[in-house]
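The sequence and structure come first.

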Amino acid sequence: MIRLSGLHKSFGPLQVLKGVDVTLEEGKVLVIIGPSGSGKTTLLRCFNLLEVPDKGDISLGGISLSFDGKKLPKKDVLALRQKTGMVFQSYNLFPHMTALGNVMEGQVTVQKLSKEEARKRALELLVKVGLADKADSYPHQLSGGQQQRVAIARAMATEPELLLFDEPTSALDPELVGEVLKVIRELASEGMTMVIVTHEMKFAADVADTLIMMDGGVITEQGTPDQVLNHSSNPRTLQFLNRFV
Ligand code: ADP
């Protein structure tokens, strides 16, 4: 069970998270929706401490951390980060490494696997995301959809307990969105625990076990996709969802 409770986060005077509670069971998919600027990405980045909360608690993969404004020991940050893998909007692949090199990197540097072991597992992951034939290609030789699939393989390479996706398709041309969503759907069906920020409402409805709607730094709605998308009576939720009709 992953639990974030009472999370607060400000950037200077701007309060971005105003007391957020989230729980997620192993093997489940949590999708975060909501208007731009509502705090979705900040919340997602708290799961792996790319943003450190000012206040609150995080419990993930057997690690429990409390935040009170003091600087955390680096080992705690690294320990938590190793439990997670992250996929960014803009792929963030290493440009000077091939697809295979990108997927191997974390296994060699973080997990200390031998190059042979890392290469074997990286190739398996590239097969899984449908890119076995692109192992030796550099990012600039790949389409956005292919780069994002490499990024997913890379995020999985260190065998994280939780995968985090920050608007994984919003930088893609529309015709490339489907191939990335297909890979994420397959991971969901295999029981990968995931938190996904997305504006793809149909995908959100399909893949989420729990849907969270954020607005103004708080969770305004939480439930199954059907509850949130079809049975909400919250005016702000309805206003937001109307944009996608
Ligand atoms: P969303 O993902 O819902 O669009 P974000 O979490 O990205 O929202 O941002 C919420 C608010 O916090 C926005 O007003 C954004 O400008 C601000 N913000 C996010 N990150 C930073 C940062 N590192 N420094 C200052 N302000 C930030």
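## Terms and basis

A residue is called buried if 20 or more other C-beta atoms lie within 10 Å of its own, exposed if 12 or fewer, and partly exposed in between, with C-beta atoms placed from the backbone. Helices (H or I, at least four residues) and strands (E, at least two) are DSSP runs, numbered from the N terminus.

This is a predicted model, in which local features need pLDDT of at least 70, side-chain atom pairs count only at pLDDT 80 or more, and totals for chains, interfaces and linings use all residues. Residues are numbered from 1 along each chain as its sequence is written.

## Strand β9

## Pairing of β9

Two strands count as paired if DSSP finds at least two bridges between them. Strand β3 (residues 29–33) pairs with β9 in the parallel sense over 4 bridges; M213 of β9 is the bridge partner of I33.

With strand β10 (residues 218–223), β9 pairs in the antiparallel sense over 5 bridges, and V218 in β10 is the bridge partner of D215. The two strands, β9 and β10, form a hairpin with 2 residues between them. In the turn, G216 has a positive phi of about 60 degrees.

## Nonpolar core

A nonpolar core is a set of buried Ala, Val, Leu, Ile, Met, Phe, Trp, Tyr and Cys residues joined through C-beta atoms within 7 Å. The largest one has 68 residues, of which V31, I32, V103 and V195 touch the most other members. Helix α5 (residues 144–157) gives the largest share of this core, 7 residues.
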